[in-house]
Amino acid sequence: QAQAQAQAEHLALELSAAKKATETAELRANTRLDEVNALRAKLQEAEAAAQALRSGASQTQEQAAGEIASLRSQLAALQATLQQSQEELAAVRAREAESARSLSAAALAGLELGQHKEELARLTQ
């Protein structure tokens, strides 16, 4: 039973670590999402400025187009990072669920071991 208890404690520590990793991954994903949204707002501003400048000087228009292209590139990179963060979060959540299942199985095994010990004690009396 001591071994089952030790295993259950180890699994509880793993579950705690998995929960912490989940929280960290969620924070990272939320931060990336905020960055993506901020960049989208900048992109919209730049596109609006480009639209307003279409009747203006071609040099200014080219600068705006370059800024838009740069912002789009940054947005694509951030979206890829966000996707990666979301995939990491899904993996961490899966590990957390597995740890919880293992802990439940260990607890059940501990209960069964206790019942067998009680039954053995009863039989040997």
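Colleague: What should I know before I start reading?

Modeller: This is a predicted model, where local features need pLDDT of at least 70 and side-chain atom pairs count only at pLDDT 80 or more, while totals for chains, interfaces and linings use all residues. Residues are numbered from 1 along each chain as its sequence is written, and side-chain values use heavy atoms, with hydrogens and water left out.

Colleague: OK, how many helices and strands does the secondary structure come to?

Modeller: Helices (H or I, at least four residues) and strands (E, at least two) are DSSP runs, numbered from the N terminus. Here we get two helices and zero strands.

Colleague: And what does the radius of gyration tell me about the protein?

Modeller: You take it over C-alpha atoms and hold it against the globule rule, 2.2 Å times the number of residues to the power 0.38. The protein comes out at 28 Å, well over the 14 Å that the rule gives for 125 residues, so it is more spread out than a compact globule. The C-alpha trace spans about 100 × 15 × 15 Å along its principal axes.

Colleague: What percentage of the residues count as buried?

Modeller: Buried means under 20% relative accessible area, exposed over 50%, and partly exposed in between (1.4 Å probe, protein chains only). Of the 125 residues, 22% count as buried.

Colleague: Which residues make up the largest nonpolar core?

Modeller: The general idea first: in soluble globular proteins, nonpolar side chains tend to be buried together. A nonpolar core is a set of buried Ala, Val, Leu, Ile, Met, Phe, Trp, Tyr and Cys residues joined through side-chain atoms within 4.5 Å. The largest one here has eleven residues: Val36, Leu39, Leu43, Ala46, Ala50, Ala64, Ile68, Leu71, Leu75, Leu78 and Leu82. Helix H1 (2–53) and helix H2 (58–124) are the elements that give two or more residues to this core, and the largest share, six residues, comes from H2.

Colleague: Which residues does Leu39 touch?

Modeller: Contact means heavy atoms within 4.5 Å. Setting aside residues up to four places away in sequence, Leu39 touches Leu71, Gln74, Leu75 and Leu78. Across the protein, 84% of contacts between residues at least 6 apart in sequence join residues at least 24 apart.

Colleague: Is Ser85 buried or exposed?

Modeller: Ser85, found in helix H2, is buried, with a relative accessible area of 2%. Leaving aside neighbours within four places in sequence, Ser85 is in contact with Arg28, Ala29 and Arg32.

Colleague: Now the charges. How many salt bridges does a search of the whole structure find?

Modeller: Side chains of opposite charge can pair when their charged atoms come close. The rule for a salt bridge is a side-chain nitrogen of Lys or Arg within 4 Å of a carboxyl oxygen of Asp or Glu. The search finds four. One of them joins Arg93 and Glu26 (2.5 Å, N to O). That pair links distant parts of the chain, with Arg93 in helix H2 and Glu26 in helix H1, 67 residues apart. Arg93 is partly exposed at 42% relative accessible area, and Glu26 is partly exposed at 27%.

Colleague: Where do Glu88 and Arg28 lie?

Modeller: Their side chains meet in a salt bridge (2.8 Å, N to O). Glu88 is in helix H2 and Arg28 in helix H1, 60 residues apart.

Colleague: And how many residues apart are Glu98 and Arg101?

Modeller: Three, about one turn of the helix, both in H2.
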